[in-house]
Amino acid sequence: MNLLLSIIAVFAIALLAWAIAASATASSVLTMYVLYLVFIVFLGGFVYRIGKWAKSPVPFRIPTTCGQEKSLPWIKNNPLENPCCNASAIGRMAGEIFLFRSLFRNSDVKMIDGRPVYGSAKWLWFFGLMFHISFLIIVLRHLRFFTEPILPCISSLSALDGFFEIGVPALYISDAALLGGLTFLFMRRVVLPQVRYISLFTDYFSLLLIAGIAVTGLLMRHFYPVDLNAIKTLVAGWLTFKSAAPGEIGVVLSMHLSFVFILIAWLPFSKLMHLGGVFLSPTRNMINNNRSERHVNPWNAPVRVHTYEEYEDEFRDKMKASGLPVEKE
Amino acid sequence: MSFAKIPKPDELINIKYSPPKTQWMNTPVDFRSGTWSYAAAAKNLTALDIPNPRAWQPSDEDWKLPENWQQIILDGMKERLEKYRSFRLFMDICVRCGACADKCHFYIGSGDPKNMPVLRAELIRSVYRRYFTTAGKCFGKLAGARDLTVDVLKEWFYYFYQCTECRRCSVFCPYGIDQAEITMIGRELLNLVGCNINWVLEPAANCFRTGNHLGIQPGGIKDMLEFLADDIEDRTGVRVEVPINKKGADIMFVTPSADYFADPGTYTCMGYLMLFHEIGLNYTFSTYASEGGNFGLFTSHDMIKRLNAKIYAEAKRLGVKWILGGECGHMWRVIHQYMDTMNGPADFLQEPVSPITGTRFENARSTKMVHIVEFTADLIRQNKLKLDSRRNQHIKLTFHDSCNTARAMGLFEEPRYIISNTCRQFYEMAEDTIREKTFCCGAGAGLGNDENLEMRMRGGMPRAMAVRDVVKKHGVNRLGCICAIDRATLTTLMDYWVPGVSVMGVHELVGNALVMKGEKERTTDLRGDEIGG
């Protein structure tokens, strides 16, 4: 049901984009105004969400420790899995963000001869990382539309990305990797009964939306070439707030832009905000120095306790009878 | 422990992992006997100022909730979203990748999809979305949102008291989402409308009044410790002293009450007493702070603080320099991650220094509380103990890392160092089941009761099977640990899945191996079993 609805939703967007492409007015609105709205929504939404998280304090220091802590000097500690100082906490976070360290631990379990056997299951890590890195490269490559002349680092990135020179224009490795990653993540969600069982509309929709962006992008590069100069002019218009009506835009470009705009506007309000949230996760970004440095809870409120005096008052006779010392005779 | 009422191991191991045909939101919880814990008695709620004390059971149709229970829960959620970044963030950023799913011992042991940490969290996330997000308010089910109904509350109760807060899922989550945090908040919310289990609240109420979970009064504590001293004298010929509530001692010693109350914890406690005697430590037990464990951790953050407050208060009253803590798992979660923040700063204590070796425990300089395996590992390292590991020759040991010391501290090497110096035959279990990947005993977080036995055996199955492997491979006959709940619950677990394996604390090994001044020739270990037998 959730899968079906998300397929319908993506097709509806495509259909809308097709209609937009057919109308010069709608095309102008999309390319001249909607993008600013999208940008404002994205920026506002992103700041709002991060602000909302940041506003909630971290009352306790609760890192999840995955290696030996720093204790006695002759015991070797593991600073990257159990941060003992700022530098090691940053190292741990870098591992999480750039290498997906925790996902790399992934294992699976099979019942063999009536006992659970744990096997390595790095595929989720591999395709997940591949998907994210290629997505990042593709976003960076698109910067070539935003600067004149094209930044040298972006040119080299593109050249490297098209290193294998398969086809004309060269197929980007990142494009293939993105599609590969998407296919794996999507198929896994559909095929594995447990993952299908937990999947919501948003889980399928985000994957399909990005797939829509990738497919329309590839179509424009390899099958229905668009006028790159026209696009560059269009983007330059965005950046200088001097957008001119582009006239007819192709159906594929219209779809590509519509998918991208929806993704950008929707991102802050969806699970894709894990992009910002991962930095704030208290179980990962905190130092495990609990016993050496006191952590302060801003709302640490007094609670009713049972004092020693109350305790002794109740048990004084029994304590005396057992020969235990008391405060008051 | 009688296993008569639950399926036999060869039946229980037939676990189906395919999810039910109905969607999870449309699959109400079934309170099948053997898989849930009895409701808390009204007197325990009253003792702890918890609202809605009444007679009820989870299997009842009517839970006798307060009229405005939904409002109470939603207000409680709002408050906690504003107080805990962990809670708010973990409500928002899960992508449902499912990496956590088969990491939960309850899922592996039951196949129930709501035991996948991701779905256990969705139970509460769905309500969060419905009342606290625009998408959930507008699109309902399409946005993964649902109304807070009595059925939802029952589901929360069943599954939040079917999570041991072990944090294993958090190790594997790419964002570090910690189901323990979510369960803790979930239980807090349930407590707001008086839905809690007796196995948690009775110990908490006892602890509040008498200072320990078991409700042992001052004289009883003294008798029990003296009894252990008698046993030590019987085994070794050495009479050890048991200082209690002694003002002016250097160190206050706090350990779980289970250590002096019941086997096999008592043997570990004998190990402590012998060690302290042998090194001439100027220490004291306390009857007011006679509990290291803290069942507040399984109730609410406020309750953690209320129960934990005794430790610093008593250390101050007795005028000790610092505090030493015994072998326990969740006790150390509280001491390591909560105590100083909640009840500190302990500026009336001194930075811990071992009076025997002069070692400064810099890692505990603020909290001023040292773990006994750190203390003993240091003694061994500095050659202050005479140990004869031959006395543990009859023991073929494997070691279970306790969830909390593993994933909330990172205490891995100290116990192993002690083991390597006291026991000659030591075999590690499979890598995926030890250290930060250790499996829970299946009965922590207050679930170690008899009525919940089937679920305990299911949840403990991954741990038990890892033990069975080393039993088959190396003939292991003893399971070591540094947790009092483990010592009680793993014993039952072994009896069910791997009969013939008994459970011990690391300081029982120390007690066996420790060569004491003036001791007689030892023919038995602390349990009275023949050495080498």
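## A kinked helix to start with

Where is the kink in α6(B) centred? The kink, of about 35°, is centred on B:Leu123. (Helices are DSSP runs of H or I with at least four residues, strands are runs of E with at least two, and both are numbered from the N terminus.) A bend at a residue is the angle between axes fitted to the seven residues ending there and the seven starting there.

This is a predicted model, so local features need pLDDT of at least 70 and side-chain atom pairs count only at pLDDT 80 or more, while totals for chains, interfaces and linings use all residues. Residues are numbered from 1 along each chain as its sequence is written, and chains are lettered from A and ligands numbered from 1 in the order in which they are written.

Back to α6(B), which covers residues 117–132 of chain B. (The expected span is 1.5 Å times one less than the number of residues.) The helix is largely enclosed by the rest of the structure, because 14 of its 16 residues are buried. Here, buried takes 20 or more other C-beta atoms within 10 Å of a residue's own, exposed takes 12 or fewer, and partly exposed is in between, with C-beta atoms placed from the backbone.

## Where the two chains meet

Chain A brings 80 residues to the contact and chain B brings 93. (Two residues are in contact if their C-beta atoms, placed from the backbone, lie within 7 Å.) On the chain B side, helix α15 (residues 301–318) gives the most, with 7 residues. Sorted by class, that side of chain B has 44 nonpolar, 30 charged and 19 polar residues. Nonpolar means Ala, Val, Leu, Ile, Met, Phe, Trp, Tyr, Cys and Pro; charged means Asp, Glu, Lys and Arg; the others, Gly among them, are polar.

A look at α15(B) itself turns up another kink, of about 30° and centred on B:Asn308. Its 18 residues should span 26 Å at 1.5 Å a residue, which agrees with the 27 Å between its end C-alpha atoms. The helix is mostly covered, with 14 of its 18 residues buried. Just after it, B:Gly319 takes a positive phi of about 70°.

## Two residues that touch the other chain

In helix α5 (residues 123–141) of chain A you'll find A:Leu124, which counts as buried with 21 C-beta neighbours inside 10 Å. Not counting residues up to four places away in sequence, A:Leu124 touches A:Leu103, A:Asn106, B:Cys97 and B:Ala99. The C-alpha atoms of A:Leu124 and A:Leu103 are 7.5 Å apart, although 21 residues separate them along the chain.

B:Ile244 sits in the loop between α12 (218–236) and β1 (251–254) of chain B. It is buried too, with 21 other C-beta atoms within 10 Å. Leaving aside neighbours within four places in sequence, its contacts include A:Leu324, B:Ile221 and B:Phe285. Its C-alpha atom is 5.5 Å from that of B:Ser286, a residue 42 places away along the chain.

## A helix pair in chain B

Two packed helices are described by the angle between their axes and the distance between the axes. For helix α20 (residues 453–474) and helix α21 (residues 484–497) of chain B, the axes come within 9 Å and cross at roughly 75°. That makes α20(B) roughly perpendicular to α21(B). (Axes are lines fitted to C-alpha atoms, for helices over the stretch in contact, and angles run from 0 to 180 degrees between N-to-C directions; under 35 degrees is roughly parallel, over 145 roughly antiparallel, 65 to 115 roughly perpendicular and the rest oblique.)

Among the residues making this contact are B:Met457, B:Gly460 and B:Ala464 of α20(B), along with B:Leu493 and B:Trp497 of α21(B). By class, the contact has 9 nonpolar, 2 polar and 3 charged residues.

A cis peptide bond joins B:Asp263 to B:Pro264, with omega about -5°. B:Pro264 belongs to the loop between α13 (258–261) and α14 (265–278) of chain B. The bond from B:Gly344 to B:Pro345 is cis as well, with omega near -5°.

B:Pro345 is in the loop between α16 (330–343) and β4 (369–371) of chain B, and B:Lys368 lies in the loop between α16 and β4 of chain B. B:Lys368 has a positive phi of about 65° although it is not a glycine.
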